[in-house]
Amino acid sequence: MEKEQHVLVVFPHPDDEAFGVSGTIASHINMGTPVTYACLTLGEMGRNMGNPPFATRETLPNIRKHELKEAARVLGITDLRMLGYRDKTVEFEDPDKLIGQITDMIEELNPSLIISFYPGYSVHPDHEATGEAVVAAVAKLPAGQRPKLHLVAFANNTIDELGEADIVHDISAVADQKLAAIKAHQSQTQYMIDAMAEGLKNKDPQVMTRLTFEQFYTYKL
Amino acid sequence: MDPVNMKEVQEALDSFKDKEVYLHMETTNGAYASHFNDKFFSAGAYIRNAKLSYERAKITGPGPYRVGLKIPFGWVYAEGITHYEIDSKSRLLLAGHDYDGKLAVALQLSETAFE
Ligand SMILES: [Zn+2]
C-alpha cells in the first residue's frame, strides 16, 4: 500500500467503513498516516432492533453514535467527524451544502487520498448522494491539485460495467482490527459476527476473502 | 420494548386523545431489499413530527396488532405492531418487528417533537 500524506474517508452511515475499508484505514494509520473519517448520519433509520428488541427508533441514534466512536477507536482514527445529516435524507438536501463541506475539509486537511462510494454503483441512495458530492467536490479543484479517489462499488452490475477493481489491498495483517471494527457496530452486525468468527476458524473462503482483501476503483475525472 | 400489552397501549393511546401530538410513522422493507433479490419491490415511507390530534384511537387484532387513530378529516393506520414502550419522556413507541428482529413498521406519539 502506498504511503499517503493524509486520508479522508467520507461515508453516510456508521458501519459503512467497517465492511469495505476498515482494513485499509487501519493499514494507513499503522503506517503513521493521519486518517479523517467524516460520517454523515448516525444511521437513525436502521432496521436491526433485535429479537427481543434492544433498541427503539428513538434510542438507536445514540447507540450507533457510541458504536461509531468505538469502531474509530479500534482502528486508531483520532479525527472522527459526525456531520449531522439524517439517515435516508442525504439525497434530498441541497447538494451544494455537502459539496461545500467536503471542499472545506479538502482545503483544511489537504488529503492525498479520498475514500468514498462510487456514484451509480453503491446501492443505497445515501451512498450515491455521498459519492456524487465527493466526486463533485474533487472535480472543482484544478487538475493538478486533486487527491486520488478510491471508491467502493458493490452494486450487482459493477463487474459487468466497471470490470474488476483496479486497487486490491491485502489487509490480512490487520484482519483482527477489521473484525473488531465490524464487532464495534454490534447493533448492526451481531447476527453475522458469530458466523464470521466461525468462518475465520474454519477458513471459509468467502469469509477469508472478506477479511483478507479490500477492493477499490480509481475514479478518473 | 416489550411485547404489546393491549390494555396498556390502549390507555396510552387514550391519554393522548384530543391533545396536539407529534407523530412519527414509518414502514419499510429496507433499502437493500432489491439489491439482494431483484424480484423484490422495495417500498417504504416515513413521516417525522407531523402535528395532529385525534378524537378516537384503538389497538386491535390477535397480534401482530393494528392501530387506528381517527383524525379530524381522516385516519392514521398501522398494522404489524408487535412491541410497545412508554419511554422516559412519556412518549408512546409502537413498533412491528419481523422474524429477524428488523423493524418493519413504527407508530410513535409524543407531546413534544421527536429529535
Ligand atoms: Zn451505508
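Reply: Helices (H or I, at least four residues) and strands (E, at least two) are DSSP runs, numbered from the N terminus. Chain B has two helices and nine strands. Their order from the N terminus is β-α-β-α-β-β-β-β-β-β-β. This is a predicted model: local features need pLDDT of at least 70, side-chain atom pairs count only at pLDDT 80 or more, and totals for chains, interfaces and linings use all residues. Residues are numbered from 1 along each chain, chains are lettered from A and ligands numbered from 1 as written, and side-chain values use heavy atoms, without hydrogens and water.

Now the overall form. The C-alpha trace of chain B spans about 45 × 25 × 25 Å along its principal axes. Of the 115 residues in chain B, 45% are buried (under 20% relative accessible area, 1.4 Å probe, protein chains only). Take the contacts (heavy atoms within 4.5 Å) in chain B with a separation of 6 or more: 56% join residues 24 or more positions apart.

Next, the surface and charges. Chain B exposes about 6,300 Å² of accessible surface, and carbon and sulfur atoms own 54% of that. Chain B carries 13 positive and 16 negative charges, and their mean positions lie 4 Å apart.

Last, the metal site. H13(A) (ND1), D16(A) (OD) and H127(A) (NE2) coordinate the zinc ion at 2.0 to 2.1 Å. H13(A) sits in the loop between β1 (7-11) and α1 (16-30) of chain A, and H127(A) in helix α4 (residues 125-139), so the pair ties together parts 114 residues apart in sequence. H13(A) is buried at 6% relative accessibility, and H127(A) is buried at 1%.

Key. Buried means under 20% relative accessible area, exposed over 50%, partly exposed in between (1.4 Å probe, protein chains only). Accessible areas come from the Shrake-Rupley method with a 1.4 Å probe; for residues, only the protein chains shown count as cover. Lys and Arg count as positive and Asp and Glu as negative; His and the chain ends are not counted. The place of a charge is taken as NZ of Lys, CZ of Arg, CG of Asp or CD of Glu. Donors are N, O and S atoms within 2.8 Å of the metal (3.2 Å for Na, K and Ca); water is not among the atoms, so sites may look incomplete.
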